[in-house]
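Notebook open, structure loaded. I'm jotting down what I look up as I go.

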Amino acid sequence: MLQAPSKGGNKMSLEEAKELEKNYKLPMPTYCLNEKNYCAKEFGALMLISKGSMRIMHIEKNRYLYQNKFKMEELAKQIGVARTTLERNIKKLNSLDCKVLEIENSRNGIIYRLNYGTSTGYNDNVHKFVTIHHDMLQELISAFNTNAIKVYCLLCYMTTENSFKCMTEKFICEKIGLCGDSKNNRSKIRKIITVFEVSKYIEVKKENKFEWDEEKNKKVPRIQKLYRLCSFSEWKNARKK
């Protein structure tokens with residue numbers, strides 16, 4: 001059972017612990033979103049079955065899991081990929097210079113260490129990550145591909161549930177390691193955003209903005225998109241309908 005200080009400084013009640021276990025969030029890195037070999041789908045799948053001190057998430061340096069505590073074939077089936085694909089992509093994660101995943105030996109077997117954040121240089125604190133409700137992360141890794149999961153992590157980093165943030169499709173492409181000048185890539189981002197909006201991961205609104213067009217030598221209207229994260233309750237209520 002999770003134990004954490006309650007508001008009064010004492011250990012939480014059984015009811016509080018049960019509520020925490022229902023609503024806990026898990027971290028996902030943002031410092032490696034532009035890495036082409038960062039397989040966010042597979043990393044998220046490993047994160048969901050990882051262990052760590054969730055009661056002190058703000059000073060965790062990483063999370064971990066033992067290779068002998070899960071079956072590769074079952075995990076691959078859960079996220080809709082072949083076992084060979086899962087194994088290959090775990091190797092890709094391990095090969096990244098940013099060390100988002102490290103494979104180590106221990107007395108109890110092989111460990112996957114999930115370095116979801118980078119050091120702040122202050123005590124054991126890490127940063128450059130976002131946290132996602134475990135139910136939402138479960139659906140993300142089951143229903144979406146790596147690029148879509150990268151986009152959602154970026155949106156979690158760039159905006160909030162309470163305010164809208166303007167971002168271009170080109171900006172989003174470049175932040176997840178795609179060429180922003182490619183019409184095909186921008187089209188992919190547009191489709192991902194549409195599905196996220198319909199699925200109540202995000203809310204999107206459009207505004208007209210005037211920009212100076214040098215070729216036409218005059219002001220021209222441009223439509224800009226603004227994004228807001230949907231809350232867990234908004235996301236959950238959408239699934240009841």
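Is phenylalanine 70 buried or exposed? I get 15% relative accessibility, so phenylalanine 70 counts as buried. My cut-offs are under 20% relative accessible area for buried, over 50% for exposed and partly exposed in between, with a 1.4 Å probe and protein chains only.

**Ground rules**

I note that this is a predicted model, where local features need pLDDT of at least 70 and side-chain atom pairs count only at pLDDT 80 or more, while totals for chains, interfaces and linings use all residues. Residues are numbered from 1 along each chain as its sequence is written, and side-chain values use heavy atoms, with hydrogens and water left out.

**Whole chain**

I find nine helices and ten strands in the protein chain. These are DSSP runs numbered from the N terminus, helices being H or I with at least four residues and strands E with at least two. Of the 241 residues in the protein chain, 41% are buried. I also looked at contacts (heavy atoms within 4.5 Å): among those between residues at least 6 apart in sequence, 60% join residues at least 24 apart.

**Back to phenylalanine 70**

I place phenylalanine 70 in the loop between E2 and helix H3 (72-79). Leaving out residues up to four places away in sequence, phenylalanine 70 touches Leu46, Ile49, Leu65, Leu75 and Tyr112. Leucine 46 sits 24 residues from phenylalanine 70 in sequence, and their C-alphas are 9.7 Å apart.

**Helix H2**

Leu46 is one of the buried residues of H2, so I checked the whole helix: nine of its nine residues are buried, so H2 is largely enclosed by the rest of the structure.

How do H2 and H6 pack, at what angle and how far apart are their axes? Helix H2 (residues 40-48) and helix H6 (residues 146-158) pack at about 70°, with axes 7 Å apart. The axes are lines fitted to C-alpha atoms over the stretch in contact, and angles run from 0 to 180 degrees between N-to-C directions. That makes H2 roughly perpendicular to H6; I use 65 to 115 degrees for that word, under 35 for roughly parallel, over 145 for roughly antiparallel and oblique for the rest. From H2, the contact uses Ala40, Lys41 and Glu42; from H6, Thr146, Ile149 and Lys150. I sort the contact residues into two nonpolar, one polar and three charged.

**Arginine 63**

Arginine 63 lies in strand E2 (residues 63-66). This arginine is buried, at 2% relative accessible area. Its side chain makes a polar contact with the side chain of serine 50 at 2.8 Å. For that I need an N or O pair within 3.5 Å, one able to donate a hydrogen and the other to accept it, and residues adjacent in sequence count only if both atoms are side-chain atoms.

**Positive phi**

Lysine 128 has a positive phi of about 65° although it is not a glycine. I find lysine 128 in the loop between strand E6 (126-127) and strand E7 (129-133), partly exposed at 43%.

Definitions and conventions: Ala, Val, Leu, Ile, Met, Phe, Trp, Tyr, Cys and Pro count as nonpolar, Asp, Glu, Lys and Arg as charged, and the others, Gly among them, as polar.
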